[in-house]
Amino acid sequence: MSMPLSILDLAPIAPGESPSESIAASVALAQEAERHGYRRVWYAEHHNMPTISSSAPAVLIAHVGAHTSTIRLGAGGVMLPNHSPLAIAEQFGTLEAMYPGRIDLGLGRAPGSDQQTTYALRRDPAASEQFPEDVAELRDYFAGTSRVPGVSAVPGDGARVPLYLLGSSTFGARLAAALGLPYAFASHFAPQALHAAVSAYREQFRPSEQLDHPHVIAGVNVVAADTAEAARTLHEQVQRQFAVSLFGRGRTFTEPEVDILMETAAGQHVRQMQSYAAVGTPTDVRAYLEEFRRHAGADELIVAHQARDTQARLRSVRLTAEAFEGATV
């Protein structure tokens, strides 16, 4: 590929599909990404969402790792306020022991859920305030320099799993800069603060043992299809499903009701959330991604291939890779 491309697999559960089918689709997607030269595949922690099967990223990574051989796999991300740093160090230390040199750990401070789910997880709603300290504690476990006397992560002690900070605001950007970590911005669903966050990160970056210069990953939605019309149809289907899941409050909608929903402020909100989207033929997608990389000031793009149908997602993975054929990731 002529630019570094990675994949954020949202692990969707399509209408009428089971979690088992969704997980099988994630395996197929990672295998396709490996065949076509993508750098990595990441999975995000979400809870209490009936349309997403990635509530346990470490378990999903372990399964996908057993069915792939070279591509990097990781969390994009683990919502650290939901967990103790030691538990995450042990989980990802175990993954690194299983798949040496292939594991990434992206960290976010959002709960990845609502308040009731936060309660069900038995986490303090104020836990996110300890995020900087928790990241430092986690990093020290991997460095073999635990700051908790007498406690080591096993596996994980000295594993040096690379950390990435995720964010959709300048808070994460400044923290990543202060810690000398790569920064991934969630522009695929939160585009507003992209430029401010990337500028703050680059301006304030301080080198670390892990990283000697800034590295920005920007998220972007992709729908590549054989025709522009087919791609637009697939993208519209995803937006409609997203609007229902976000604002439907568990209701079942008829297609005419979804039409009405998409004409309201809810539909506009969904379109604004996904305003960074490469939709069209492979030529269209390549042109958009090349311009978006310049626009975002990114070193790497992580793309979310958006289609409800597994075969359409796999086709998008292939077509996007073929559009960038001829260079090295």
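**View 1. Y183, F185, Y201 and F205 make up one aromatic cluster.** This is a predicted model, where local features need pLDDT of at least 70 and side-chain atom pairs count only at pLDDT 80 or more, while totals for chains, interfaces and linings use all residues. Residues are numbered from 1 along each chain as its sequence is written, and side-chain values use heavy atoms, leaving out hydrogens and water. Searching the whole structure turns up six aromatic pairs (rings of Phe, Tyr and Trp, the last by its six-membered ring, with centres within 6.5 Å; stacked if the planes are under 30 degrees apart, edge-to-face if over 60, tilted for the rest). One of them is Y183 with Y201, a tilted pair at 5.6 Å centre to centre and 35° between the planes. Y183 is in strand β6 (residues 183-185) and Y201 in helix α7 (residues 194-204), so this pair ties together parts 18 residues apart in sequence (helices are DSSP runs of H or I, at least four residues, and strands runs of E, at least two, numbered from the N terminus). Y183 and Y201 are both buried (under 20% relative accessible area; exposed is over 50%, partly exposed in between, with a 1.4 Å probe and protein chains only).

View 2. Y288 is partly exposed at 27% relative accessible area, whereas F292 is buried at 2%.

**View 3. Two arginines sit over phenylalanine rings.** R109 has its charged end 3.8 Å from the ring centre of F171, and R251 lies over the face of F253 at 4.4 Å (the cut-offs: NZ of Lys or CZ of Arg within 6 Å of the ring centre and within 35 degrees of the ring normal).
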